[in-house]
Amino acid sequence: MSVERREARQPWILLSPAMAAITLLLFVPLIFIVVYSFWLRTATGADQAGFYLNNWNEALTDPFYRDILLNTLKIAAITTIVCALMGYPAAYFIARSRGNKAILLLLLMLPFWISYIIRTMSWINILGVSGAVNSILIWLGIIDEPLQMLYNETTVILGLVHFLLPFMILNVFVSLDGIDETLEDAANSLGATKWQGFLEVTLPLSLPGLAAGGLLCFVLGAGTYITPLVLGGSTDAMFANLVFEAIITQLNWPLGSALSLMLLAVLGALVLIYNRYLGMAQLMKGLG
Amino acid sequence: MGWFFIRLWALLVYLFMFLPVAVVVLLSFNASQFDSFPMTGLSFRWFVELWQNDAILRAFQTSMILGGLTALISTTLGVLASLALVRYRVPGANLISTMLIAPILVPEVVLAVALLLFLNFLSINKSFALLLFGHVIFTLPFVVLVVQARLVSIRRDIEEAAMSLGASPVQTFFEVTLPLMLPAVLAGGLFAFTISFDDITGTLFWKPGGVETVPTQIFAMLRNSISPEINALGTVMIVLTVGLPLLGAAIARQLARKSGG
């Protein structure tokens, strides 16, 4: 074999284990559940292979599923907006700080490393019946009986914001950090106020980072089922909870496949739209 | 004036991020047997009970083995793939990159369902192997991203110099490339370990009955009520998952300094 041909084959040898793993453990399984979603769960509990539209019919027309899907998207949207409002100024502070940016950023990255389940359950210590807030209010004499603050939609959103905020801040920071600070000075020297300079120069330039952070918050938020289980009440199920119920509790795998694919279609469409207009490079910058 | 408010806002955001976690650590030292304020005193009793709780120790063992094996496999696959993408001009490199990061773009629940049902179809039931496959697949993209970002900075001509001085490609890899890559490899491995150690979304789908990892154990304990023991376990997790990467970063920096002369 010539040297050139060996040289040309080398990258493929290096790539093949990872590509084989992703093909066999992600792409083929995804195609498999598309097929599976047309199978039928029979009364005996066995799955009947074939082409039945029952699962799709149920998943797409049952108002129960539709309402929970819409509610899930609503919760994800509110979470994303709150993350943007809280995260943007914080990212701006880090990017424009004259102090030690590395330390400020590291501090922000720490929660990333702290277990998701710990961070989620930590709110029970804060808002629970015998939690910090109730204890302080009782101690101050403002209330006599502890307030019931946990296990509702607001606490689900709170938990999600706490989980996802670092993704937003990091992405906005990466974007802001790449903007030349003198651009704002230039705008100011040309007569723009500080606020105008920010609104018309810095903000538009940082939109790609904001969009990347927003996409991550939305997609990760809409795909969660742990947060509603820990911080939500019995009526606060999100769409991923339905998938979990169908697969693990009811063992109705064909229906579970259809529901998973619905979630994938909705969130995948968002990723594709994002990719079409902004490209994946921005997202990778924030993740890498 | 504006800057003052931005600073204040950022401070509040930092407090929001850290206060709940600080309360977990604080309450884990609570002497009272109820998980609540007011605290009656400081004690290590919950850590002692943790140490005597077989279920938790087993969960710890499972998580460590799972995380270790995940890191090993994922880093190996990820480093090889990153080498190919950074070092060679591969046709369709963009498509391949997108493919390699696809597991992050698919919601983890969907990935979990697909893998569970497909492997079950192949008669691979819920097992440690299934858990391991799952963890490898969703940590791989992070390893690829982290390692790729660091590999770019290693200069090709150092390797060419070694080869022109008579080293074989294999020798060059082990004696020149690998030592230079070590910080990237370590960073990727630690990242994979931490993500695996932390995972609950996929793990709940894949784990066989009776097997628990630390996060699923905590989740199961939460079902009853929040006990000081959970806070103690949380504190241990925080120390581990924050301490390890910081240690890793310090080692990587040390290594980089040494090899950079």
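Reply: Axes here are lines fitted to C-alpha atoms, for helices over the stretch in contact, and angles run from 0 to 180 degrees between N-to-C directions. Note that this is a predicted model.

Me: At what angle do helix α8 and helix α9 of chain A pack?
Reply: Two packed helices are described by the angle between their axes and the distance between the axes. Helix α8 of chain A covers residues 182–189, and helix α9 of chain A covers residues 194–222. Their axes are 9 Å apart, and the angle is about 130 degrees.

Me: Which word describes how α8(A) is set relative to α9(A)?
Reply: Angles over 145 degrees count as roughly antiparallel, and 65 to 115 as roughly perpendicular. The angle for this pair is about 130 degrees. Therefore α8(A) is, relative to α9(A), oblique.

Me: What is the handedness of the crossing of α8(A) and α9(A)? And which residues of α8(A) meet α9(A)?
Reply: The crossing is right-handed. On the α9(A) side, the residues are K194(A), G197(A), F198(A), E200(A), V201(A) and T202(A). The contact divides into four nonpolar, three polar and three charged residues. From α8(A) come L183(A), E184(A), A187(A) and N188(A).

Me: Moving to chain B, how many helices are there?
Reply: Chain B has zero strands. Its pattern along the sequence is α-α-α-α-α-α-α-α-α-α-α. The count of helices in chain B is 11.

Me: What share of the contacts in chain B with a separation of 6 or more joins residues 24 or more positions apart?
Reply: Chain B has 261 residues, and 45% of them count as buried. The C-alpha trace spans about 70 × 60 × 40 Å along its principal axes. Among contacts with a separation of 6 or more, the share from residues 24 or more positions apart is 77%.

Me: Is T203(B) buried or exposed?
Reply: T203(B) sits in helix α9 of chain B, residues 203–206. Beyond its neighbours within four places in sequence, its contacts are L131(B), T213(B), P215(B) and T216(B). A residue needs 20 or more other C-beta atoms within 10 Å to count as buried. T203(B) has 25, so it is buried.

Me: Which element gives the largest share of the side of chain B that touches chain A?
Reply: The contact takes 68 residues from chain B and 66 from chain A. Several helices of chain B give two or more residues, including α3 (54–87) and α11 (228–259). The chain B side divides into 57 nonpolar, eight polar and three charged residues. The largest share, 13 residues, comes from α1(B).

How values were computed: Residues are numbered from 1 along each chain as its sequence is written. Chains are lettered from A and ligands numbered from 1 in the order in which they are written. This is a predicted model: local features need pLDDT of at least 70, side-chain atom pairs count only at pLDDT 80 or more; totals for chains, interfaces and linings use all residues. Two residues are in contact if their C-beta atoms, placed from the backbone, lie within 7 Å. Helices (H or I, at least four residues) and strands (E, at least two) are DSSP runs, numbered from the N terminus. Ala, Val, Leu, Ile, Met, Phe, Trp, Tyr, Cys and Pro count as nonpolar, Asp, Glu, Lys and Arg as charged, and the others, Gly among them, as polar. A residue is buried if 20 or more other C-beta atoms lie within 10 Å of its own, exposed if 12 or fewer, and partly exposed in between; C-beta atoms are placed from the backbone. Angles under 35 degrees count as roughly parallel, over 145 as roughly antiparallel, 65 to 115 as roughly perpendicular and the rest as oblique. A crossing is left-handed if the near helix is turned anticlockwise from the far one by less than a right angle, and right-handed if clockwise.
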